[in-house]
Every structure is written in C-alpha cells, then in structure tokens.
Amino acid sequence: MREAGKIVAEALRLCREMAKPGVRTIDIDQGVEGVFRRYGATPLFKGYPGPKVPFPASTCISLNEQVVHGIPGPREIRDGDLLKIDTACKLNGWCADAAVTIMVGEVRPERRRLVEVAEQVLRISIEELSRRRRWSEVALRMQQHAEQSGFTVVQQYVGHGIGRTMHENPQVPNFMSRDLKKQDFRLDEGLVLAVEPMVNMGRPDVRVLPDHWTVVTKDNLPSAHVEHTLAITRSGIQIITADDEVVIPRS
C-alpha cells in the first residue's frame, strides 16, 4: 500500500504545481492520469459506480462551496479559490487514497483559516490514532477541534477502511453521535483507514447537484477537505500517502 501511496503523493504534488489561475480542472485531472499511467497504477475513481452514472474522471476536483466529488471539466481556477483534489490508485492489488485543499493565489483570511483548521483536524486524527484504543475517541476530538474553531464537520460523508479495494469496512466518521458509537471499532494493529475530514465554514448541511456527483454546501459557504491513508502498525501510525516515510510512534 505504501508503494501506491507514494504514487498518490506524487500526483498531488503535481496538482499543487499546476494549481494556478487560468488552469482548467480537466487539465489537472489529465496530469494525474499521466502520473498513474507512468507507474502502471489503476485510477480508482474513473468509472466508479454512482447512483445514476459512473464517475468520469481520475480525480474529484471541487472548488469553494463544492465539498467533494466535483467532476473535472473546462472550469478555470481563479485567484482566491479553495481547490480540493481527491484521488486514489491501485498498484499490484493494493489501494491508497488521499486529498488536499490548495489555496490558489491570494486567499481571504477566513478561507485560509478554514483550510488551516481542516489540516489541524487531520493531524489530530493521526496523533490520536497513536494513543487511543477506539475510533470514537479520535472522532470526538476531531469534531471538538473543528467546532471550537468556529466551523462545522460534514456528517453525510465519512472516511473508510481501505486495502485490496478502495472502500472497505469500517465506516470512519469525523464526528461522534450516539448512533455512531454503536458502530465503534477498536484501533488494532493491521487496520488501515482513509481518514478524510470535511470542514465547512457555515452549516454542515450539504446537497448533491444535478450531475449526480458534486456535493455542495447548502448555504454556499466554502468547505475544506483533506485526507490521508493511515496504517496502524507495530511501530506506530504510518502515513501511507505522505511524501516521505512518516511513522508516528504509538504511545
């Protein structure tokens, strides 16, 4: 999985380099496809079955009020945009999945703060994974940090287990509720999770556009989305989709 994760990390580095005003989102998607092709990796999003139509691209590219699952196309990136890019691949039978929010050009302070908090929430999940026994303990601290910072956590979409296929059990929420606590799970060695907080500037409510894929905030305020694939190993928490080898020791 780490080998697949390195490819995803390289693809997202390319996205950061390409994310400039005037660039079309479809161009970024084609760049990511080129990275996957070079390594013989299979893009996992392209052709993924949906409720009405399969997803048509190798990346989900979402802008500003778009939360996740945005479809790349002719839309040009503009100065001040929050550009969310999510992608995944399979290599030699193993999967990896990650997402970034890129601040394009001069971004307003409140949007910058939103992205910073989303990244903090993801960091908290990694740190808490190394010291907690159950996922509910991690999810609660993720939610608390987002809300104490003045933002909300999307509750209609969650992270997931990942391994031989992209979406495996368990479901990995970024928040805690009484119902979800019934589906809590232990953080045992060998478990691999795709943790992906989605943090909204306004309310947590979202809706799906008529393209059957793009998820947007109901209040049209911006959202940030970040994700890493994380493995619980004997030596600690390995960030499968990091640029460099990163293991957080278990405490």
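Reader: Why is Lys46 called partly exposed?

Author: Lys46 has a relative accessibility of 44%. Buried means under 20% relative accessible area, exposed means over 50%, and partly exposed is what lies in between (1.4 Å probe, protein chains only). The 44% of Lys46 falls in between, so Lys46 counts as partly exposed. The model is predicted: local features need pLDDT of at least 70, side-chain atom pairs count only at pLDDT 80 or more, and totals for chains, interfaces and linings use all residues. Residues are numbered from 1 along each chain as its sequence is written, and side-chain values use heavy atoms, with hydrogens and water left out.

Reader: What makes the pair of Glu33 and Lys46 a salt bridge?

Author: The closest N and O atoms of Glu33 and Lys46 are 2.6 Å apart. A salt bridge is a side-chain nitrogen of Lys or Arg within 4 Å of a carboxyl oxygen of Asp or Glu, so the 2.6 Å pair qualifies. Side chains of opposite charge can pair when their charged atoms come close.

Reader: Which parts of the chain does this pair tie together?

Author: Glu33 lies in helix H2 (residues 25–39), while Lys46 is in the loop between strand E1 (42–43) and strand E2 (59–63), so the pair ties together parts 13 residues apart in sequence. Helices (H or I, at least four residues) and strands (E, at least two) are DSSP runs, numbered from the N terminus. Glu33 is buried, at 18% relative accessibility.

Reader: Which partners does Glu128 have in salt bridges?

Author: Glu128 forms a salt bridge with Arg131, where the closest N and O atoms are 3.1 Å apart. Another joins Glu128 to Arg132, at 2.5 Å from N to O. Glu128 is buried at 8% relative accessibility, whereas Arg131 is partly exposed at 42% and Arg132 is partly exposed at 21%. Elsewhere, salt bridges that share partners join Arg2, Glu3, Lys6 and Glu245 into one network. The whole structure has 16 salt bridges.

Reader: Why are E6 and E13 said to stand at the edges?

Author: Three strands form an open, antiparallel sheet in the order E6-E10-E13. Strand E6 (152–153) and strand E13 (223–225) each have a single partner strand, so one side of each is left without a neighbour in the sheet.

Reader: What makes Ala11 buried?

Author: Ala11 has a relative accessible area of 0%, so it counts as buried. Ala11 is placed in helix H1 (residues 2–18). Leaving aside neighbours within four places in sequence, Ala11 is in contact (heavy atoms within 4.5 Å) with Val32, Val35 and Phe36.

How values were computed:
Two strands pair if DSSP finds at least two bridges between them.
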